[in-house]
Amino acid sequence: MSLPPGPHRSLPGQCYLGWQYATLHPDPGPPPRRPVPPEKEQLSAAWLAAQRREENLISRPLKLTCAAAVAIALVFVICVASGWVPGIVAAPVIVACAVAGGLSGYAIWQGERALRARVAAERLRVERFRTDQESRLFAWQTEHARQVRDWQARQLAYESQKRWYAVSLPAGIDRVDVAGGTLSGWSALLTMAAAHQLAAGGEVTVLDLSGGAVAAELVTVARDAGVGPAVWVLPADLPRLDFVASLDAGELADVLALSVSVAEERESTRDLAVDSAILERVMGVLDHGGGVRLASVAAALRALAQVGDPRADMASGLLTEREVSEISTLYGQGATDRVVLERALGIESLLRKLAATGSEPVLIPRSRLRVVALDKRVGTLSAKILGSFVVTALTHLIGQAPAGQPWRHTFILLGAERLRGDVLDRITDVCENSRSGLVLAYRSIPPQVRQRLGRGNAAVAFMRLGNAEDAKAASEQIGTEHRFVLSQLTETVGTSVTDTTGVSYTSTVGASSAETAGRSDSESTSRGGGYSRSSESSFLPFGGSGSRSAQTGTSWGTSESDSLTAGISTSTAWGVSTTLAAGDSQSLAQALQRSREFLVEASELQRLPPTAMILSYATAGGRQVFLADANPAIGGLAVATMTPLAEAGQLRPAAPDNQGTQDADAAALQPNVGPPSARLDWRKR
């Protein structure tokens with residue numbers, strides 16, 4: 001009996017991180033050996049000859065006596081008949097010879113009878129022993145047939161069992177911290193987690209700060225499956241990133257102040273409060289008829305810091321004469337204070353990199369997959385300010401939403417080690433309160449990350465760690481007493497897929513790709529004139545129409561396909577490599593063999609395959625630590641199931657050890673007793 005197959009679809013509200021290899025049914029080994037019939041027991045000719053020889057030796061004197069008596073008797077009879085010897089003399093001799101011959105003959109007959117009795121007894125013993133041999137042989141063959149049926153059942157269960165079980169997080173885990181990993185490993189993990197979330201009808205937001213186009217394969221899979229992704233590539237798509245539409249002046253001031261403090265590495269609460277107050281007062285002066293524009297905020301800060309000619313900003317429409325006048329008197333005599341001037345100038349120097357945000361809003365349909373990524377050509381300072389701005393703005397957006405089903409919306413942040421500790425704390429707290437799933441991926445483990453790794457209701461996934469100190473810290477946190485076994489498939493596929501260094505994102509929100517990004521199964525559009533601006537951002541992961549325009553208003557509904565996993569095997573490098581490694585039954589059998597066994601040591605963590613990860617989380621029964629493979633293409637193998645290993649272990653049937661099961665399986669599983677032996681048919685000869 002084989003393990004009942006688990007569900008082959010993703011379940012809503014669950015986060016799938018990879019696959020765990022296990023064989024619930026052990027290899028039954030070779031089939032039972034067939035009982036060999038013993039040598040045929042038969043009457044020994046040598047024994048018969050020995051008995052005859054012995055009897056001849058015993059009866060030889062008797063035979064000689066009998067022969068001599070007969071000969072003497074015949075001689076005297078002839079002599080009496082010839083008259084040579086008188087009858088009265090010959091009679092006693094003849095009688096004596098007759099008596100001697102009779103006694104000898106009787107003794108010989110008794111010896112022959114005793115010999116026949118011994119031979120008959122031996123024949124009876126041989127027959128009885130042969131009958132006992134037959135009965136024992138029949139019993140052996142019956143037992144062998146039962147053992148063969150049991151072996152066939154175990155062999156069938158072993159061959160048809162699932163080998164890869166989906167790794168899903170238990171209830172209560174609301175965050176996953178990924179420590180280490182290569183770009184290709186992150187790509188596999190991201191595709192695995194996000195594809196199953198989308199297939200279950202969930203929403204996924206990806207923020208890629210790594211600059212390595214980690215989500216490129218996920219975007220391809222989603223697009224092939226009918227889920228039109230929305231991709232922003234920064235800074236080119238800053239004009240079409242409409243975060244500001246969903247933030248009021250106070251929230252926007254907090255976002256900008258925190259973004260500036262992160263870029264300047266200033267962690268003082270006082271400095272943050274001063275920056276927020278300056279920004280809030282400046283934005284209070286600006287005209288909010290068309291919403292707050294960051295370009296206008298930057299221009300107002302220049303006017304406050306008395307940098308440049310404000311008439312240029314007035315000519316470009318960023319400021320009005322009234323606004324310039326109010327800004328010049330905003331702080332009164334304090335405007336000349338060095339603190340205000342320096343802070344206004346410092347904030348403006350950083351915000352000018354964000355000035356284009358939301359300046360060219362585009363109309364895009366709502367997508368369940370949203371990707372914001374930094375271009376790999378972005379400088380260090382720009383990457384820091386852009387990353388902190390997007391994260392802090394998204395933190396406010398998520399905080400506006402009511403709590404929903406756990407992991408219904410998943411936020412995946414790649415390259416989180418670039419963010420400051422308080423920024424990580426804020427996004428963690430907001431996602432926990434809104435019950436949004438959060439995945440934080442760190443390439444390295446700096447001090448601010450080490451303090452927060454696995455804190456709270458979090459699972460920790462350790463992937464390949466290049467730095468020796470990071471690997472040592474990870475091995476100490478996991479525990480060096482654990483021993484794991486790598487699958488050959490994990491080793492083979494991991495070495496065949498390279499990092500995504502040559503891959504780049506393609507924006508879907510630009511004017512040239514707006515029509516492609518708006519692809520859907522069904523679409524209805526209504527247009528009307530007038531100036532309107534929605535308070536909902538198209539990037540919002542919760543509800544809302546996602547409409548925004550400068551001259552017209554537009555609304556539509558879309559329906560998208562949820563079948564994402566089928567395209568992984570053909571649309572990703574992982575799918576192609578996995579198919580090559582396990583394309584046929586022979587290749588699959590080789591790929592499912594164990595590769596090597598290792599202990600949790602720093603050196604081993606530094607040479608893990610790209611998709612291998614050691615997952616650790618706490619449960620009511622204790623901390624669980626096991627090895628998993630994030631390769632999403634494993635789900636396309638026939639030996640993979642979406643049933644977690646813990647549930648599969650509970651469903652495993654008992655060994656076939658009852659007669660009812662044997663009788664039921666007897667018709668389908670005939671005993672294979674092997675080729676007939678030449679000695680098996682001795683009873684028929």
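1. Three aromatic pairs occur in this predicted model, a pair being two rings of Phe, Tyr or Trp (its six-membered ring) with centres within 6.5 Å, counted as stacked if the planes are under 30 degrees apart, edge-to-face if over 60 and tilted otherwise. The rings of Tyr 617 and Phe 626 have centres 6.0 Å apart and planes at 85°, so this pair is edge-to-face. Both Tyr 617 and Phe 626 are buried, that is, under 20% relative accessible area with a 1.4 Å probe and protein chains only.

2. Because the model is predicted, local features need pLDDT of at least 70 and side-chain atom pairs count only at pLDDT 80 or more, whereas totals for chains, interfaces and linings use all residues. Residues are numbered from 1 along each chain as its sequence is written, and side-chain values use heavy atoms, with hydrogens and water left out.

3. Two arginines lie over ring faces (CZ of Arg within 6 Å of the ring centre and within 35 degrees of the ring normal): Arg 163 is over Tyr 158, at 4.8 Å from the ring centre, and Arg 443 is over Trp 186, at 5.6 Å.

4. Tyr 617 returns in the lining of the largest pocket, where, with Ser 168, Leu 169, Pro 170 and Ala 171, it is among the residues that lie nearest the centre, out of 26 lining residues.

5. Of the 685 residues in the protein chain, 49% are buried.

Terms used: Buried < 20%, exposed > 50% of the residue type's maximum accessible area, 1.4 Å probe, protein only. 1 Å grid on protein atoms, 1.4 Å probe; cavity = no way out; pocket = protein on both sides within 12 Å on 5 of 7 lines; lining within 4 Å.
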